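Subject: A structure to look through

Hello,

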Amino acid sequence: MLNNNLTQEEAKWLIEVFAPKMGGRIAGDTMDKYFVPARTLIQGKPSERPGCGCHFKAYVQMTNSMYGQHSDAIREIAYPKVTTTSRGRKKVQQVSTDITDN
């Protein structure tokens with residue numbers, strides 16, 4: 001489940017900073033800079049770093065999967081769609097008033 005308190009700034013970080021690193025090399029500094037914070041933001045609770053390098057791959061796969069499952073919702077939070085009409089006017093659909101009796 002996606003973090004309900006994810007801010008627009010955090011969502012943008014996930015898209016602009018974390019997502020490009022998803023396919024890269026997994027080292028300790030990459031884990032600490034990108035994957036642990038990303039998982040914490042997605043889950044909405046603190047996430048612990050894996051204890052050793054042998055667990056990095058599984059941790060990264062799960063984090064990538066979480067991001068993939070929620071990428072549409074993250075994108076909507078980061079870049080909300082704003083729809084306005086010109087000069088704030090609402091477009092009103094006209095209804096035909098022609099009534100004929102048979």
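What follows is a short account of what was found.

Please keep in mind that this is a predicted model. The chain contains 3 helices and 0 strands, so that, read from the N terminus on, its elements run α-α-α. Of its 102 residues, 28% count as buried, and the accessible surface comes to about 7900 Å², with 49% of that belonging to carbon and sulfur atoms. Among the contacts with a separation of 6 or more, 66% are between residues 24 or more positions apart.

S47 counts as buried because its relative accessible area is 16%, which is under the cut-off of 20%. Its side chain is joined to that of Y59 by a polar contact of 2.8 Å, and, if neighbours within four places in sequence are left aside, S47 is in contact with V36, R39, T40 and Y59.

The other place to look is a salt bridge, for which the count comes to 1. Here the side chains of D32 and R49 meet, with 2.5 Å from N to O. Because D32 lies in helix 2 and R49 in the loop between helix 2 and helix 3, the pair ties together parts that are 17 residues apart in sequence. D32 counts as partly exposed, at 42% relative accessibility, and R49 also counts as partly exposed, at 37%.

Best wishes

How values were computed. Residues numbered from 1 in each chain as written. Predicted model: local features only at pLDDT ≥ 70, side-chain atom pairs only at ≥ 80, totals over all residues. Heavy atoms only, no water. Buried < 20%, exposed > 50% of the residue type's maximum accessible area, 1.4 Å probe, protein only. Polar contact = N/O pair within 3.5 Å; in protein donor to acceptor, adjacent residues only side chain to side chain. Contact = heavy atoms within 4.5 Å. Salt bridge = Lys/Arg side-chain N within 4 Å of Asp/Glu carboxyl O. Helix = DSSP H or I, 4+ residues; strand = E, 2+ residues; numbered from the N terminus. Areas by Shrake-Rupley, 256 points an atom, 1.4 Å probe, with all protein chains shown as cover.
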